[in-house]
Structures are given as C-alpha cells and as structure tokens.
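Subject: Structure handover

Hello,

Here is the structure you asked for. My notes follow below it.

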There are 2 protein chains.
Amino acid sequence: MLPGPTNVPERVMRAMMTHIINHRSDDFVELYTEVIEKTQQVFQTQNDIVAFSSSGTGAVEASVINLIKKGDKVIIPVNGEFSSRLSQMLEWQGANVIKLETPPGQNATFDQISEAFDNNKDLKAFYVVHNETSTGTMVNYLDKISDLTSRNNAYYVVDSVSLLGGAELPVDKWNIDVCIAAGQKALAAPPGISPISISPRAKKYMIENPPPTMYFNLARQFKYYEESKHTPFTPALPLLYAYREALRMILEEGLEARFKRHKACSDALYSGLSSIGLTPFAKEEDRSITIIALNYLEGLEDKTFRNTLAQKFRVLVAGGFGNLKGKVFRVGCMGEVNRYHVMRTISAISSTLAMMGYKTNAQEGLKIAEEKLKAL
Amino acid sequence: MLPGPTNVPERVMRAMMTHIINHRSDDFVELYTEVIEKTQQVFQTQNDIVAFSSSGTGAVEASVINLIKKGDKVIIPVNGEFSSRLSQMLEWQGANVIKLETPPGQNATFDQISEAFDNNKDLKAFYVVHNETSTGTMVNYLDKISDLTSRNNAYYVVDSVSLLGGAELPVDKWNIDVCIAAGQKALAAPPGISPISISPRAKKYMIENPPPTMYFNLARQFKYYEESKHTPFTPALPLLYAYREALRMILEEGLEARFKRHKACSDALYSGLSSIGLTPFAKEEDRSITIIALNYLEGLEDKTFRNTLAQKFRVLVAGGFGNLKGKVFRVGCMGEVNRYHVMRTISAISSTLAMMGYKTNAQEGLKIAEEKLKAL
C-alpha cells in the first residue's frame, strides 16, 4: 500500500523476462510503437509521446529544460515537496517563477489561479503538480485551466506522476501541452519508465529551441522517433516490456472502470480510516484519490507504527516527506488496488493501533468501507 | 553478439522478479549498499559510487554537468560517434574544448596527448572515451595518463561504458577521478543502470559547486547516500536487483579470469574472421577487446548480410554507426561471451558469406580461432 513504487501484477513482472533485443532492430520498433500508441490511449491524446528510461523526476525535469528559457515567466502553485522541487527546477532554468503558495494539505483555489493569470499577461507557462505525493492533495480544476492558458497564450504543463492512470486526465480534451506520468504509480508498472506527452505547438517550440543537454533532450527524441521509431539512447528494455504489459492491462480493464475502482477504494479508505479515529491530513475538497495522508495520533511513533504494520501484517505504508516526517503516514491507493487491499489495510491499521494501546473501532471502519466499496 | 545490449545470464534475468520494495526501507539499504560495494570491487576503487537509473549516456552527461563550468579548458581525443557526443556535451556546458582529432579507427598517440598537456597548462580536465563503440577502437595508455593530469593538476575522466568489466581498468591505481560504465555492456546486466565513480577531490568540487539540475546532480546523490544510503529519486528496482546479481557473478568468476576470457575470445574472433577474408576496421594496435568492427567486403549489402545471419543462424551483429553505416558491421565480444559464441559466430558469418556468393575458408578461420581459445 505504498504511494509508489506500487505492487506490480505478476503478468507485468513476467514480461521483464523477455529476451534482450537490439534496440536498433525491427523487434524494437514493434515494441516501442506499441508503447507509444497505448500510452496515447491512456493519456487520451493524439500528442507525441516519449517514454524516458528514468524516474518521474527525470521526465518532469525534461518538461522544464525543453520548454523554459532564462527570463520566462511561469506560474506554479506550491504546497509540498514535489511542487517545491518543480519550482526549484524552474528557477534553476532561469525562469521568473511566480509561486502561488498555500499551506501543505490545501490547494490554491481556481480564483487565485485565475487572478494570477490576470496579473501576468506575459506568461510563458503554467506548471502544476496534479497530485502532491508528499501531502495527499489533488487539484480538481485542471479541466478549466486551458481557458486561462489560451487567454494568456501560455503553455499548460501538468505533472501527474502520482495520479495518471488512477483518475480522469484527458490530455487533449483539457488542452494540456505537456503531461508527465510515471510507471510505478497508478500505471502499476515497475519503476524506471516515465512517459511524457507533448502537444504540436510545444513540440514545434522544442525543436526550434533545443536545450544544450543530451539525455532529456526532447528534440533528439522526436528526431530518432520520426526517422526510425528508435530512442536516441539504449532504453531500459525489460522495463519497457513490463510497461507495455501494464498498458495492455489498463486498456483491457478500460479507463472508466479503472478510475471508478480507484475512486471507490479511495472513498472506502478515507471513510474507514476516519471512522477508526484517524484524520486525513489534506483539506476535504483537496484530497487525493491515489495517496491518502493521515495525521499520526498524539504520541504515535512513526517507525514503531509502520514496522508493526509491516512485520505483523505485511502491510507497507510510507512515512511523511520532508517537514511532515513523523507527523503523517501515507497510504497508496493505486494501480492494482482492490476491495481486499482496502479491507486488509483498514483491519491491519486498526489492529496495530490497538496493539499500541489506542482505542479503535475496527468493525465500524470496515462496515463503512464495505458500504463505499459497493460502488464497485 | 551485439555490441550491447548484450546477452544477460538467466540468473541475472531472474533476479528482476524479486518483489517491488519501498525505496525508503531497510531492505533497499541492504540492496543498494551491496550494489555500491560490489561496484567498487569491479571498478577496483575506494571512491564513491553512484548507480544511475539511466543509460550510459546519462551517466556520461552527469560527469560533464557536475564537473565542468563555463570557460573550463578540457582536452578530449575525438575519433568516433561517442567521443564526438561527449565533446558536444562539453561544448554545451560552455567548456573550452581542445579536440585531438584522429581518423575513425585510429587513436591519438600518447605523445600527442602529452604534447597537448604541455601546450595547455591551465587545464581543468582530460576526458577520454576508453572504448569507442562506433569504430571498435580502444585506448591502451590509460595507465600513463595520471602522470599528465597530476602534472597539470587536472581532473581525469574516463568513459568506459563499453569496456569496463571486460578488460583491466583499476580506477585507483590509475588515479582516475571520474569513471563511467554501463550495465548492458561488459557487465552483462540488462540496460538501464549506469554506475559512475567519483574521487574524493572530484566529490569535494562537485559538492561545493553543484550544477543547477536535478536528475543527474551528484551532490544530491552524495547527500542522500550519506544521510540514509538512499537514492534521491525512485530507482529502477528490478534493474538494480539484476545489476547486483551481475556484479555477484563477475566477482565469483574473478576479474582476472574474466579479463582473460574476454581477451582470448577477442583474439579468436579477430584471427578467425580475418582468416575468412574480413578485415578489421580499426588499426591493429588500437583494436578494442569488446567490440570488433569489420569492413564489409566489396558489394556486401549491410541489411541482407545481417538479416541472413540473424534469420538463418540466430546470430545478431550490429551495423555501422553514423558515417560508417553500410561500411562496417560490429560484433560484440563482452559479458557472457565464451568459446562456443566465438566458434558459432565465425561459422555463421562464414556460411552467410558463402550463401551470398563470397569465397571463404571456414575451416581455416575456425582452426585459428580454436588455437587462440587455448588461452582459456
């Protein structure tokens, strides 16, 4: 139940055993074109796709170094580790970064975003972290942002590393220029492959203004793909096989069913865990579907709690990140997550709390969770 | 018989099936510290090691962006695709790059290098591609370079992506400040993990002058490793498991035995293939142990030759790179390579040539190869 890397279905793991091939062969072209086409379907886009052999952060960095130049004005909401990190990358790139800061666990409102657009007509881009892994918040108005970016003629960039595949994110419908995901989160692949989509106008800009870098250079990726359907550098082949298999499973399940399953499990976890006495860290209307951050009860020690949960019940959850270390723990609700994961997790957390001397009401929590799981 | 990605032993492939763990857990610390310690043994160094989740090019780029600043003077021998690419990265970084250019297939002599050091006392670093994958050349005087770099007080950087693990490269003995390898070459792991070693003085410089980048930032890697033996970003876990298993196999075999095996197979391939009528592309004294580049015979068509070899005999070799496309083909001699790979390859190439109407003498080639394989 980690907030990534997540459990990987056996079928996806086994795909890694496919024999190593020449990445300059027809066999590779078959593999990579299927990866690209199926990623387009999952992103709900016709845009170009590049699958980087890197973590999500690598692909997010690619979105910065290929699109932003010194002096470019960029707006970004900041309220956690990953939005801070992205903001830092924008500053390193020399951007004039307008940070819309809100307390962790709480998102900027759409009106605040809209006002920032009004005050910055000369905007180059709007960057946003869709789902803040460190605090368990999720932005709910991404469908409305392109009204603002089109008004200001700005690029629209979404870091959906820890959400895409687990909730609605139709890239073309919402006019997102650059969108980033990562295999090891809601896509249920092993870590190491991170896809990024690039709209025609962003692509044109990147080709005309390539950055002076090699590995994350998107213009180079476009060139190789157009010439031969190859990648510029040796890709992490076993992970590409696994990622392809994960995409196949997503499309077999169907996006709508997958999003519904994530939502039902998430609702069940929030309700169930709340009813055994835990409180979610994030503000109610900003709560993430895939990452449930919970405040520790008074006196509850992070390491002891998580170790007991892991050793007695084989349920893994993550601690807090940065400033929130020891203050919250985080439960992933992504990828393979299903009915029995939810029930087992609520039960194990409740039992662990009881073993540590806290009064909880497991029956009540499980009953409410089951109610929510009826949506499945 | 590709010049990478190379065959991966079954035992290494199977290691990828190990279950996905939290990269912020004690289990990960156990995995990663073993990876670091065993990499040190293979690099023959006490220096810090970072294992990037990227291709070799990514780790090579890290060696540039962490060490080189605008205006730094750098010497680099250039005679093929990978040395050109490295030189390009140095220029992008703003370095004053002194290229020692020689024709492809031929290395600069040690005297030419020495002269360049004499003429550039204010040198920041010497970069060299140990083994040029595109042309099958290998530099044979790396043991003597630190006499020059210590005289000029310059950093010594070796890109040994396609050789390390297949031939002698004692990083500490040869005083190499930064050394880069890649899993999918002579280390016989799947592609996607690329280790880099950094000497104490290079590390000090990098920590005091961190580059404004995220994914390949070495100072950030040092910080995470020192604080918790973690990596800053989610690593490609299945590939780390495989890479660890590959390191274990290398150390079980022993470095000396491994280098001897590579050398004997390489000698056998050069002698055997020469005697069936093919000529190596590289100058004799500069020939690589791990990559054997051969000139195509008059009228021999690249695609037909390689397709026949692949379809009739299941022997995969690579075509030429860049300007050498259609002019040479390349046989990898690395990783798992052993007696029967050599014999089968010579036999299959000879038969393919015969099927395409060329006169070859397979018996003679195989006899000479067997002679050379007696060294095993």
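What is the strand order of the open sheet of 7 strands in chain B? The order is β1-β9-β8-β7-β4-β2-β3, and the pairing is mixed. Strands count as paired if DSSP finds at least two bridges between them. Helices (H or I, at least four residues) and strands (E, at least two) are DSSP runs, numbered from the N terminus.

Before the rest, two points on conventions. This is a predicted model, in which local features need pLDDT of at least 70, side-chain atom pairs count only at pLDDT 80 or more, and totals for chains, interfaces and linings use all residues. Residues are numbered from 1 along each chain as its sequence is written, while chains are lettered from A and ligands numbered from 1 in the order in which they are written.

The sheet of chain B

Two strands sit at the edges: β1 (48-53) and β3 (96-101) of chain B, each pairing on one side only. From one strand to the next, the twist averages 15 degrees. Angles run from 0 to 180 degrees between N-to-C directions, with axes as lines fitted to C-alpha atoms, for helices over the stretch in contact. Strands β8 (178-180) and β9 (193-198) of chain B pair in the antiparallel sense over 3 bridges. Ile180(B) stands opposite Ile196(B) in β9(B). Helix α3(B) lies across β1, β7 (155-159), β8 and β9 of chain B. Its direction makes about 25 degrees with β9(B).

Two buried residues

Ile176(B) is in the loop between β7 and β8 of chain B. Why is it called buried? Because 30 other C-beta atoms lie within 10 Å. The scale: buried means 20 or more other C-beta atoms within 10 Å of the residue's own, exposed means 12 or fewer, and partly exposed is in between, with C-beta atoms placed from the backbone. Ile176(B) touches Tyr156(B), Val158(B) and Val171(B), leaving out residues up to four places away in sequence. Contact here means C-beta atoms, placed from the backbone, within 7 Å.

Tyr270(B) belongs to helix α10 (255-275) of chain B. Tyr270(B) is also buried, since 25 other C-beta atoms lie within 10 Å. Its contacts, with residues up to four places away in sequence not counted, are Pro280(B), Arg287(B) and Ile292(B). Tyr270(B) and Ile368(B) are 98 residues apart in sequence, yet 9.8 Å apart in space, C-alpha to C-alpha.

The two chains

The same surface serves both copies, as 100% of the contact residues of chain B recur in chain A.

The contact takes 37 residues from chain B and 37 residues from chain A. On the side of chain B, the elements giving two or more residues are α3 (56-65), α4 (81-92) and α9 (237-253).

The domains of chain A

An automatic or database assignment sets the domain bounds. For chain A it gives domain 1 (10-253) and domain 2 (255-373). Their centres, taken over C-alpha atoms, are 28 Å apart. The contact takes 22 residues from domain 1 and 23 residues from domain 2 of chain A.

Best wishes

Technical notes. Contact = placed C-beta atoms within 7 Å.
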